[in-house]
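Trainee: Walk me through this model, please. I'd like to start with the packing.

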Amino acid sequence: MALMILLLILFAAVAVFLILVIGFMLLLAVGTDIALGVAVLMFIGLSALGGLALSAISRQMTTPRWSWPVASGLFALVTAVEFGISLLISSR
C-alpha cells in the first residue's frame, strides 16, 4: 500500500510539472484565455490517465485493487494539492 501512495504522489508531481511548464509556455506564446483552457483540459486528461495507470499497477500487486474512478479521483485530489502547494511556495 505504501508503494501505491508513493506512486500516486510521484505521478501527481509529474502531472503538476507538465501542467506548469506547458501552461507557462502557452501563456507566453498565445495568451491567457487559451493557456487557461489547455491547463484545465490537461489537468482532467492527466488525472484520467494517471488513475488508469494506478489502477493497472494495483492489479499487478497483492495490495487491494484500486478501481479506475477511485484512482482518478485520488490522483486529481493529490494533483490539486500539489499544485496549490507549488503556487504557495512560488508566491513567497
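Mentor: First, the ground rule for packing: a contact means heavy atoms within 4.5 Å. Bear in mind that this is a predicted model, where local features need pLDDT of at least 70 and side-chain atom pairs need 80 or more, while totals for chains, interfaces and linings use all residues. Numbering runs from 1 along each chain as its sequence is written, and side-chain values use heavy atoms, without hydrogens or water.

Trainee: Fine. How many helices and strands are there in the protein chain?

Mentor: Three helices and zero strands, in the order α-α-α along the sequence. These are DSSP runs numbered from the N terminus (helices H or I, at least four residues; strands E, at least two). The C-alpha atoms fill a box of roughly 45 × 25 × 15 Å along the principal axes.

Trainee: And what share of the residues is buried?

Mentor: Of the 92 residues, 27% are buried, meaning under 20% relative accessible area with a 1.4 Å probe and protein chains only (exposed is over 50%, partly exposed in between). The chain exposes about 5900 Å² by the Shrake-Rupley method with a 1.4 Å probe, and carbon and sulfur atoms supply 80% of that area.

Trainee: What do the buried residues of α2 pack against?

Mentor: They pack against α1 and α3. The buried set in α2 is A35, M42, S47, G50, G51, L54, S55 and S58. As for its span, α2 has 29 residues and reaches 42 Å from first C-alpha to last, close to the 42 Å expected (1.5 Å times one less than the number of residues).

Trainee: What about W68, is it buried, partly exposed or exposed?

Mentor: W68 counts as partly exposed, because its relative accessibility is 41%. W68 belongs to α3 and touches A48, G51, L52 and S55, again not counting residues up to four places away. Its C-alpha is 8.5 Å from that of A53, 15 residues apart along the chain.

Trainee: Switching to geometry. At what angle do the axes of α1 and α2 cross?

Mentor: At roughly 160°, with the axes coming within 9 Å; so α1 is roughly antiparallel to α2. The contact includes L7, F11, L18 and I22 of α1 and V38, M42, L46 and I57 of α2. Axes here are lines fitted to C-alpha atoms over the stretch in contact, with angles from 0 to 180 degrees between N-to-C directions.

Trainee: And at what angle do α1 and α3 pack?

Mentor: About 55°, with axes 9 Å apart, so α1 is oblique to α3. The cut-offs: under 35 degrees is roughly parallel, over 145 roughly antiparallel, 65 to 115 roughly perpendicular, the rest oblique. Among the contact residues are A12, V16 and L20 of α1 and L74, V78 and F83 of α3.
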